[in-house]
Amino acid sequence: MTTVIELEVLRDALGLLKDREQVAERLLESSAKHSFDPDTELDWEAPVEEGKWFWPPELVSLYDTPLWRKMSEEQRMDLARHEAASLASLGIWFEIILMQLLVRHIYDKSLTSNHVRYALTEIADECRHSMMFARMIQKGGAPAYPVSKLNHNLARVLKTVSTTPGSFACTLLGEEILDWMQRLTFPDERVQTLVRGVTRIHVIEEARHVRYAREELRRQMVTAPRWEQELTRISSGEAARVFSIAFVNPQVYTNVGLDRREAVAQVKESGHRREIMQSGAKRLTDFLDDIGVMRGVGRRLWKSSGLLA
């Protein structure tokens, strides 16, 4: 990657970087026009719809495996309900981490800048999203699925020591794969109306968050010292490995009456699941490759996660 820094004009492999304040100003304008209050926007009192899925079947982890073909339609739909709760739980965990990373990012920056103002706006979005996901879990009747203690504590270390470019690389990891799945979910009429509404709100508001994180990661990868760039490559690769393991809590299989070990093994061997996860990550991995994140040990970690072909 060729990098030129001259007179505050920054360029990377994707071209000139836009002015940080102008980007934030546009995002603030979009936030003013397209922000939602899930408590009033969605009908939480409506009954659960019989015969509708909580998650598109093609996105359920066991889809098209031998075990899936043995399952009844009722059991498949129940697994989808539990996986929706598992993903929502993962989303809450991730958004709490993201809010802390954003607060750390703006701590030393001008409090009157558009850049900081937008970060605070995004934190407010994420607060609403976390509450929305929690309410959706409760409405669906499945339990919450916290990540393992190991991953919970690994994230505690990550959010404490992560440098700025690493923070934004991990932000995009959590946002873009779920966003890809949700873009398939909210127009799908087979899915519960409430779930479609939740995913629609999240997709619209997350588009701004992705833009903010992408622009800032590009800037950080241009201006960061070499050691920090390399640390970002390794930390994002390790985050990808943890994220792929934590994506669906294996307790969901036990809770719908399946053999947990057999289910986990079949998911690992599933070509369909591998294609889904890599398709969901492709836009992100292409972007990270373009800006120089996908190199060396970091790239090998991304491959071991199963998110990079």
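At 0% relative accessibility, Glu205 counts as buried, a class defined by a relative accessible area under 20%, with exposed meaning over 50% and partly exposed in between (1.4 Å probe, protein chains only). The structure is a predicted model, in which local features need pLDDT of at least 70 and side-chain atom pairs count only at pLDDT 80 or more, while totals for chains, interfaces and linings use all residues. Residues are numbered from 1 along each chain as its sequence is written, and side-chain values use heavy atoms, with hydrogens and water left out.

The side chain of Glu205 meets that of Arg128 in a salt bridge, at 3.7 Å from N to O; such a bridge is a side-chain nitrogen of Lys or Arg within 4 Å of a carboxyl oxygen of Asp or Glu. This pair links distant parts of the chain, since Arg128 lies in helix α5 and Glu205 in helix α8, 77 residues apart. Arg128 has a relative accessibility of 23% and therefore counts as partly exposed. A salt bridge is also formed by Asp125 and Arg208, whose closest N and O atoms are 3.6 Å apart. Asp125 belongs to helix α5 (residues 114–140) and Arg208 to helix α8, so this pair ties together parts that are 83 residues apart in sequence. Both Asp125 and Arg208 are buried. Through salt bridges that share partners, Asp125, Arg128, Glu205 and Arg208 are joined into one network.

In the whole structure, the search finds 20 salt bridges. Among them is the one in which the side chains of Asp12 and Arg218 meet, with an N to O distance of 2.9 Å. Asp12 is in strand β2 (residues 9–12) and Arg218 in helix α8 (residues 193–223), so that the pair links distant parts of the chain, 206 residues apart. Asp12 and Arg218 are both buried.

The protein chain contains 13 helices and three strands; these are DSSP runs numbered from the N terminus, helices being H or I of at least four residues and strands E of at least two. For 309 residues, a compact globule would have a radius of gyration near 19 Å, and the 20 Å of the protein chain agrees with this. The radius is taken over C-alpha atoms, and the globule rule is 2.2 Å times the number of residues to the power 0.38. Along its principal axes, the C-alpha trace spans about 65 × 45 × 30 Å. Of the 309 residues, 53% are buried. Among contacts (heavy atoms within 4.5 Å) with a separation of 6 or more, 82% are between residues 24 or more positions apart.

Two further residues were examined individually. Leu59 is placed in the loop between α2 (38–41) and α3 (66–70) and is buried, with a relative accessible area of 3%. Not counting residues up to four places away in sequence, Leu59 touches Glu83, Trp180, Met181, Leu184, Thr185, Arg273 and Ile276. The C-alpha atoms of Leu59 and Gln182 are separated by 9.9 Å, although these residues are 123 residues apart along the chain. Gln229 is found in helix α9 (residues 226–246) and is buried, its relative accessible area being 14%. With neighbours within four places in sequence left aside, Gln229 is in contact with Met221, Val222 and Ala224.
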